[in-house]
Amino acid sequence: MPLLLWEWKPQFMHAVFWHRKAKFQLKQDQYPDWVMFAVEEGSFHYRIGEVAGTAVFGDAILCPPGTLFEREVAEPVSFHFITLGWQAQPYAGSLDQHHPSGDPELPVHLTWTDGNRLSSTYLYIHQLGRLQDEQRSLLWNHYLQDLWQQYRVEHDLAKSEHRQQQKQRQLDPAMLKAAGWLQQHAFKQVALRELGASLDLSPVQFSRKFQAAYGTTPMDYLTAMRIQKAQTLLLETEMTLEQIAERCGYENGFYLSRMFSKKKGISPSLYRNMHRV
């Protein structure tokens, strides 16, 4: 069974920084080791096997050993040319601790979305020239693995968001409408029976359909939003419980206190005292 994306860790070998390179000496090349072209400025077109595109800031192109790497500068490009290897790391707790031989199957085109964090990492990398060789290699390895870690996290978050969007598209349009209405009116007096009736559903039908779509009842969905807002107001304002209750759609502070204690296992006043800084 192949290892997953996050079960590989890059190992730094060598790096050279090219500043505003106007053209590549070779329009195509093959390398005995893995190479990464991490772009800081400018752009270049590339093709590796069946994958082709353009790399700009925020991108890195990863080429496996012995694979034809075709490239052409689009505009003067500054990039880190990194030679690296990969170390397999079976997932913690896995019964299969075998480290496979051969090369990992990894994406050719890496993209980072947090440009500020990426720029910060590149800034630190540029300072490495002041250090001795041994220190430089050690820190290069650290920053390379940091880049990989950032890519992995952003990649997983993007996949999760995509799955959520797909799920939303598959939801019952009536329940999407109901959830939107609840979000818009959560902090006012809400009559769930009337909301269900507006969708031509009995209270039981509405509750069942909503729970099938969101995994919770309409009332619990509404309560979760109200309690979350109450938490924020408790920690960020000096409002009394009565004032917070009014802002959160509850009739009075007593009822808010009862619901808060039921859902959080702690009274609003104690929550405020324990968590404020």
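Helices are DSSP runs of H or I with at least four residues, strands are DSSP runs of E with at least two, and both are numbered from the N terminus. This is a predicted model, in which local features need pLDDT of at least 70 and side-chain atom pairs count only at pLDDT 80 or more, while totals for chains, interfaces and linings use all residues. Residues are numbered from 1 along each chain as its sequence is written, and side-chain values use heavy atoms, with hydrogens and water left out.

Q: How many helices and strands does the protein chain have?
A: By the DSSP rule above, the protein chain has nine helices and seven strands.

Q: Where is aspartate 200?
A: Aspartate 200 sits in the loop that joins helix H4 (192-198) to helix H5 (203-214).

Q: Why is aspartate 200 called exposed?
A: Relative accessible area decides the word: buried is under 20%, exposed is over 50%, and partly exposed is in between (1.4 Å probe, protein chains only). Aspartate 200 has 71%, so it is exposed.

Q: What makes the phi of aspartate 200 worth a remark?
A: Most residues other than glycine have a negative phi. Aspartate 200 is not a glycine, yet its phi is positive, at about 60 degrees.

Q: Which value of phi does arginine 20 have, and where does this residue lie?
A: Arginine 20 also has a positive phi without being glycine, near 45 degrees. Its place is in strand E1 (residues 8-21).

Q: Why is threonine 83 called buried?
A: Threonine 83 belongs to strand E6 (residues 69-88). Its relative accessible area is 14%, which is under 20%, so the residue counts as buried.

Q: What does threonine 83 touch?
A: A contact means heavy atoms within 4.5 Å. Leaving aside residues up to four places away in sequence, threonine 83 touches Phe12, Met13, His14, Asp33, Trp34 and Val35.

Q: How many of the residues of the protein chain are buried, as a percentage?
A: Of its 277 residues, 38% count as buried.

Q: How do you know what radius of gyration a compact globule of 277 residues would have?
A: The rule is 2.2 Å times the number of residues to the power 0.38, and the radius is taken over C-alpha atoms. For 277 residues a compact globule would come near 19 Å, but the protein chain has 27 Å. The C-alpha atoms fill a box of roughly 75 × 45 × 45 Å along the principal axes.

Q: Which residues line the largest cavity, and what kind are they?
A: The lining consists of Pro10, Met36, Trp86, Leu110, Trp112, Leu144, Leu147 and Trp148. Ala, Val, Leu, Ile, Met, Phe, Trp, Tyr, Cys and Pro count as nonpolar, Asp, Glu, Lys and Arg as charged, and the others, Gly among them, as polar. The lining therefore divides into eight nonpolar, no polar and no charged residues. Helix H2 (residues 133-170) gives the most to it, with three residues.

How values were computed: 1 Å grid on protein atoms, 1.4 Å probe; cavity = no way out; pocket = protein on both sides within 12 Å on 5 of 7 lines; lining within 4 Å.
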